[in-house]
Amino acid sequence: MYLKGNCWRILKEALQKNPGSNSIKSFQHLLHCNWVVKKKTPKVKQIMEEAVTRKFVHEDSSHIVSFCAAVEACVLHGLKRRAAGFLRSNKIAALFMKVGKSFPPAEELCKKAQELEQVMETKRSQSLQSQDSLRKMPRLPSLNPQGVKNLWIKAALFDKVLDKIVLFLVENSSKYYEKEALLMDPVDGPILASLLVGPCALEYTKMKTADHFWTDPSADELVQRHRIHSGHCRQDSPTKRPALCIQKRHSSSSMDERPSPSPSARDYVESLHQNNRATLLFGKNNVLVQPRDDMEAIPGYLSLHQTANIMTLKWTPNQLMNGSMADLEYERSVYWDYAMTICLEEIVYLHCHQQDSGGTVVLVSQDGIQRPPLRFPRGGHLLQFLSCLENGLLPHGQLEPPLWSQRGKGKVFPKLKKRLPPGSGSSDSVSDKEEDEAMDYVFRILFPNSRSEFGGTPLKLLCDNMKYQIISRAFYGWLAYCRHLSTVRTHLSALVNHTIVAPDVPGDAYKGLTTDVWQTFLQDSTAYKEHELLRLVYFGGVEPSLRKDVWPFLLGHYKFGMSKAQRKEVDEQVRESYQQTMSEWLGCEGIVRQREKEQHAAALAKCSSGASIDNSGQRMTHHDSTVSNEVFESVEEVEQIELEPKPEEAKQVPRMPNGALQNENSSPDSGHPSSRNFSITSGLSEGSFSTEDSSAPDANHRSASAPQTQQSSIKAAGGQGGALTGRTDRKVAELLDLYTLNLHRIEKDVQRCDRNYWYFTPANLEKLRNIMCSYIWKHLDIGYVQGMCDLLAPLLVILDDEAMAFSCFTELMKRMNQNFPHGGAMDTHFANMRSLIQILDSELFELMHQNGDYTHFYFCYRWFLLDFKRELVYDDVFAVWETIWAAKYVSSGHFVLFIALALVEMYRDIILENNMDFTDIIKFFNEMAEHHNIKKILTLARDLVCKVQMLIENK
């Protein structure tokens, strides 16, 4: 209302004067300030979300900076020059100092802000004298003029007096501001002050963390970081996917409050050392192991243990050896998966590789499977391990070849001669180079005294056994894959059409449905088949100028192949049905309005009579006290003034554009903005202050004539087979109550439906209300649910016709109705999303499952409920909706699932890199709303559909 009223008044004044007048500048400034007010509400929301998520708000948060800038723009708008100071460059400081003369909280704030400015000035002078001082002050605020201005706003915010100062300015705005100032507005001024109450109640901190400037950034910042990062390294780099350790964000708490490791973990760590059950033969920390191919090597503790019967080799990650990283059950479960316990009876070969950086051992078991390499640090630790292993094998086993004993050095690697090829000369002529120690060795573990052990098995039998096990593993792996694929086909086959439609056959479909193609089809319906037109819409969309004509075909209002006469006949039938429906619910609405007026008049009469009795009693006991009586008299006078009838309004007979009668009181542009916000509990309407007097005799007269009025209204509503004809009084009362409840919900949502979009003027909002009331009148068993207006609004924008939009909305709701709480489609969507993510992106599914387990996909609820209407701008909504409607016949009747999957996959790397939990992903997608690249998302969604189709077809 601020932009609608004051802005156009200033613009009119500017146009009447010369083009260079100050009014045009004021208009531009007003537009900018109105934009700032609209942008300020999200800033407050972001700060509150950060406070809830992190339990505190950092003083250097980017949300605080943008918030203070928005507040400053609002406070400075329309400020008088005298209040701003003629020679002061910092207008905020001048304003606060003037306010401080009459407002004590502002006076205390001025003292603190001036002290901060002095400290900053001192620090700046010191930084100019010595470069070392810059290192001591890495986080000082900027000293530019804008930073100084924000300093005063920040100081007021952190001292929790900003809301009080702004409220003081609002209450005394005439002293400090011009007439067109924002704070002078009776609506926007108090709203601005009330918005500051929440941020001023929060706790702010200066605590720094190692990743402070990286944690909890905005969604835009995350996307920009990912773009910068992906420009230097590949997106599929395994080092950038935190599969090793996914840490969940926690609230700030002390280290002492963390839970201690479980008893089983403590027993395992104790078993790694020398104890009465096992002898520790060897132990070395920082031995590197790479558990998986897509991971970097991680350090751990390697230990060799011997009991009476077996010898065991254990490797434990360093994170499990100390208590600092094992504080969470989740982290423990991750690292326990990487710990290894190997029984040496199963090991046949040891492949040893000596390197400059240390040595590596690869253990090969009887079935030929290689264990992850063990990388020893420098210092001869590999040789010490083999020596301890050989000593532990004695006397029942040995290494082949054995280690050599050298005087003064102990055990050393054997010096083996290289095999010479036949005909290369005498074997006695060995050069010094050949006598050098080899770098790579293969040791075999033998048990010569036991024929049943593996060491006594012939080599041929060993090879046959290994061959059999390898083939068996391959076969059972292939069998498991086939069974999994069969399960996948069973679960996903119903999500896509089995016929794969190519975008380039018979022609390029990425051009979409053009005007030439559509005009050719209208002239000759046999020129293009229905499936071909739908293919064009699916891959390329509809040309914007054609949407008004094409959408009724896509939604089922028309059938493809209908002639012009047939379409005209359908339109006439729909229009006639729509007008009849409107006449029915308008008659019912008249009854509702009349009943509310009578109830309100009766309530006023009761209050007036009660006040008279109470006041007379007060005069008898307290003759000098008339406060209570004056309150009731003032209210009564106001109500009588508002209840006086207007002759011109009484004579008007409202009609809808198509000719049907409608209720004038229900118009959102009737001059009573709050005329629809009546209370369902009390049954009273604020919109009833228009036609009747509030005196008690008139109220009794209306009560006596109420049955006649209601009966006439029922007859009017029941004309031409109306819904109220033939119903009992009880059923009529129930119907009226049900309709009243739905009417309240509809009016509440219509008034706030896309108010910033250019199309929704008061007249078009009235159309939106008429269509929605007509649909609900036909479906009172379902009733109105919040969100239905969002689905109707784009249809009305494109079609711009009530009857046509009503018919298309009815067709659309046949599919969308099941997404609302009274249907069961939402749970099916969540289950299907879970299956798709689990099959197509197991890494992302694992993160969702482990990092708080948000595989329920509740963050997709709004996507499915409104077909992504709240996530996209209107032009993108049009493109997405027509693609969904065409996809039903071309690729998938569940195309919304693949758009949702494409949205998640679009930002998968950002989700993985930042280890997002449920709260993070909701915050991320809320901030990314209306910022998505819909062309890329639709392309990715179509590719995902094709991928599933090929998976089912086994191509």
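Visitor: Is Leu736 buried or exposed?
Guide: Keep in mind that this is a predicted model. A residue counts as buried when its relative accessible area is under 20%. Leu736 has a relative accessible area of 4%, so Leu736 is buried.

Visitor: How are α28 and α29 oriented to each other?
Guide: Helix α28 covers residues 788-799 and helix α29 residues 802-816; their axes are 10 Å apart, at an angle of about 140°. Roughly antiparallel would need an angle over 145 degrees, and roughly perpendicular one of 65 to 115. The two helices, α28 and α29, are therefore oblique.

Visitor: How many residues in the contact of α28 with α29 are nonpolar?
Guide: From α28 come Met788, Leu791, Leu792, Leu795, Leu796 and Leu799, while α29 brings Met804, Ala805, Cys808, Phe809, Leu812, Met813 and Met816. No polar and no charged residues take part in this contact, and the nonpolar ones number 13.

Visitor: What percentage of the residues in the protein chain count as buried?
Guide: The chain's secondary structure comes to 37 helices and 13 strands. The cut-off for buried is again under 20% relative accessible area. Of the chain's 955 residues, the buried share is 43%.

Technical notes. Residues numbered from 1 in each chain as written. Predicted model: local features only at pLDDT ≥ 70, side-chain atom pairs only at ≥ 80, totals over all residues. Heavy atoms only, no water. Axes fitted to C-alpha atoms, helices over the stretch in contact; angles between N-to-C directions. Helix = DSSP H or I, 4+ residues; strand = E, 2+ residues; numbered from the N terminus. Parallel < 35°, antiparallel > 145°, perpendicular 65-115°, else oblique. Contact = heavy atoms within 4.5 Å. Nonpolar A, V, L, I, M, F, W, Y, C, P; charged D, E, K, R; others polar. Buried < 20%, exposed > 50% of the residue type's maximum accessible area, 1.4 Å probe, protein only.
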